[in-house]
Number of protein chains: 2
Amino acid sequence: MSDNNIAEKIGQKAAEAKKAAGKLAIASSKTKNEALLAMAAALIENSAEILKANAEDVTAAKEKNLKTSYIDRLTLNDKRIEQMAEGLRQTAALPDPVGEGDLETLRPNGLNIRRVRVPLGVIGIIYEARPNVTADAMALCLKSGNACLLRGGSEALKSNLAIFNLLNEAAVKAGIPQGAMQFAEFTDREAVGAMGNCRGLIDAIIPRGGAGLIKYCAENSKVPVIETGTGVCHTFVDETANLTKAAEIIVNAKTSRPSVCNAMETLLIHKNIAAEFLPRIAKILREKNVELRGSEEARAICPDLSAATEEDWRTEYGDLILSVKVVPDLDAAIEHINKYNTGHSDAIVTENYTNATRFQREVDAAAVYVNASTRFTDGFEFGFGAEIGISTQKLHARGPMGLRELTSVKYLINGQGQIRE
Amino acid sequence: MSDNNIAEKIGQKAAEAKKAAGKLAIASSKTKNEALLAMAAALIENSAEILKANAEDVTAAKEKNLKTSYIDRLTLNDKRIEQMAEGLRQTAALPDPVGEGDLETLRPNGLNIRRVRVPLGVIGIIYEARPNVTADAMALCLKSGNACLLRGGSEALKSNLAIFNLLNEAAVKAGIPQGAMQFAEFTDREAVGAMGNCRGLIDAIIPRGGAGLIKYCAENSKVPVIETGTGVCHTFVDETANLTKAAEIIVNAKTSRPSVCNAMETLLIHKNIAAEFLPRIAKILREKNVELRGSEEARAICPDLSAATEEDWRTEYGDLILSVKVVPDLDAAIEHINKYNTGHSDAIVTENYTNATRFQREVDAAAVYVNASTRFTDGFEFGFGAEIGISTQKLHARGPMGLRELTSVKYLINGQGQIRE
């Protein structure tokens, strides 16, 4: 299909979503929750249909010789479909942010002013491999009263379409306005550009994928973009750290799930404990198959580390690789982190109160930890019940984005004929 | 200066602001307040210098035959300088949003999670004629802990530079980090584009000016933009309205200050009262020199109205012009508003409870009024003590933006060695 055609079709879908958004915005929680439960039931009842579509995607991916880890993320089975359904049910059980008030005031002139949460309107979500994102994104947008336009990756297209059509049909049957959920079946990069041009139709775009996709959206979209999920996360082991705790935290942050954005990529060690701690942690990490790349000072202590380059400090490995730097003091640790982090999650391990406090104040990131693993940056772990991603920007939302972060506010002003002097 | 040179200089200024932003972010309220008071004192002490620079701008504007209203906004005098100084003092007296917490939780695993307000970082402010914006913007950014890069319009350049240099010097003397406040003396449109390219250096751009400037920024900036201040505001007079109140509200909303964004541009009247109310309000408005442009139904009642075109419904006149439409019912009024408004402020005049409630729920705007003038949409009138503009977008902030809206959040997580399962 030509670019113009794609842009036109995307524009039509965005316009349909926009048209339905006003109705969805005032739908009751009851209707939305019933729809989510009906969607969960439809998913389980029709799992054979979804697995069939998914098998076609998986076969095609294998024929293209895609990476095993990629094919794993793409593959659905009964358990994963049950997890998707459970996600829909859990979203139904969460409190609805729409209509919540966070400010009410009576002005001297008698005007009553309230600020209440309202949906954003239409949310565009652009994602890559995993087909379960289709169900997740539909659930979170629906519960927060937002219409959505989804655009998934090419490898999961058949799976995504099967899930989308099934869930959309169930939702509409349960009373959700027709057109409020849209799926763009165009997998070219042009479709991403076309969504970014839908100013006035789409209120926000959330890209969920690699750094390249996010950068492309942020730099090219005329619709506001919420950047999520790029994580160059650090752990700094201070000279007063409990080294047993430090080792546990580091192993957890690096190895428990190296592919995710809250995994650690760089370890900073205070010079006064480096000679003792670095060989010890290096041994533990190597036993876990972690490749270590060190600064000059680190290699002076452990000469068998390969040399870290400037590029290493900037890299989200997403893999069992860790860069290690020995730093002279807390100031140098904070300076390194603020230079190279992506504003996601950074941790200090320390027993020193002042250093803990300074680290939390001075490190510029969405989540700043004392004596805990960066792996906790997550909507579920934070108690939000769900998340659409981890925002690494400062505007609108920062950190795990739950249902509340998918809303805006509106001021309601009630008077008795007041006019302004 | 060539475009490349401008881009390079803007980049340097943004980088200097970014460098100082970390220090300013952790400056105490005491230091910031002392700086604001010192800035106010410096303004008064050196008013002669500012008036001299301003006189040169005014002379040049007159030579260019610029509009009287424009020259009026450009002109400073002792009273206006005192108002600027008073603005600085009032900002010093406002509560500091930085460090305020709005969430604290203890998770089952013992992690303590807090969400606290932090500055955005570096804010770019792009504005047009009025030189007092220089002092306002510096004060609000400083108090909220944000570094800033200001870019004012060409006609006020000498005034802006005089004010900026004076205030910056006073602030630095009072302990504000050198470089935290920057002024870009490049008045070409290229400078606006260059600021929009400063991703990673500037955290948000707020354009304060006409619709053209705002659209240019929103469509071309790679830095997130907060859109402010475009107002096509409506008042709908329902069939149950108290017509005396309605007339007062309409006169106030249209004529008390027609050039501002919260002034009314379109009047909608329920058909059941149009024959009575339209001639009455038309007479009152004409006595106030308001030009009226009507829909077909409106002209059937008042044939002397000129015909409103499709373009009229979309136009922010900013002048003593009002478009008038007779609508069959509340639904038609809401539909018209949601089609043509800019998401700023809209009002209903009604005595009907259900219609009041429906209007507030269904109209999509930052501020939705019952029985009051739209002119109240303002940070001071809302009790925020100050404002940098009225956001007409839904992301990050909506409605009057005070100090709180110039901040982001950060999660602080305190543990005792927790790792994730």
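## Overall build of chain A

Chain A has 15 helices and 16 strands. Helices (H or I, at least four residues) and strands (E, at least two) are DSSP runs, numbered from the N terminus. The radius of gyration of chain A is 24 Å, close to the 22 Å from the globule rule for 421 residues, so chain A is as compact as a globular protein of that length. That radius is taken over C-alpha atoms, and the globule rule is 2.2 Å times the number of residues to the power 0.38. The C-alpha trace of chain A spans about 70 × 70 × 40 Å along its principal axes.

This is a predicted model: local features need pLDDT of at least 70, side-chain atom pairs count only at pLDDT 80 or more, and totals for chains, interfaces and linings use all residues. Residues are numbered from 1 along each chain as its sequence is written, chains are lettered from A and ligands numbered from 1 in the order in which they are written, and side-chain values use heavy atoms, with hydrogens and water left out.

Of the 421 residues in chain A, 58% are buried. Buried means under 20% relative accessible area, exposed over 50%, and partly exposed in between (1.4 Å probe, protein chains only).

## Salt bridges within a chain

Over all chains, the count comes to 60 salt bridges. Each is a side-chain nitrogen of Lys or Arg within 4 Å of a carboxyl oxygen of Asp or Glu.

Glu155(A) forms one with Lys64(A), with the closest N and O atoms 3.3 Å apart. Glu155(A) sits in the loop between β4 (147-151) and α7 (157-173), and Lys64(A) in the loop between α3 (47-63) and α4 (68-74), so the pair ties together parts of chain A that are 91 residues apart in sequence. Glu155(A) is buried, at 19% relative accessible area.

In chain B, Lys245(B) and Glu351(B) meet in a salt bridge (3.6 Å, N to O). Lys245(B) lies in helix α10 and Glu351(B) in the loop between β12 (345-349) and α15 (353-362), so this pair ties together parts 106 residues apart in sequence. Glu351(B) is partly exposed, at 47%.

## Links between the chains

Glu381(B) forms a salt bridge with Arg420(A), the closest N and O atoms being 3.3 Å apart. Glu381(B) is in a loop of chain B and Arg420(A) in the segment after β16 (407-418) of chain A, so the pair joins two chains. Arg420(A) counts as buried at 17% relative accessibility, while Glu381(B) is partly exposed at 25%.

Salt bridges that share partners also join Asp102(A), Arg115(A), Arg404(B) and Glu405(B) into one network. Glu405(B) is buried, at 9%.
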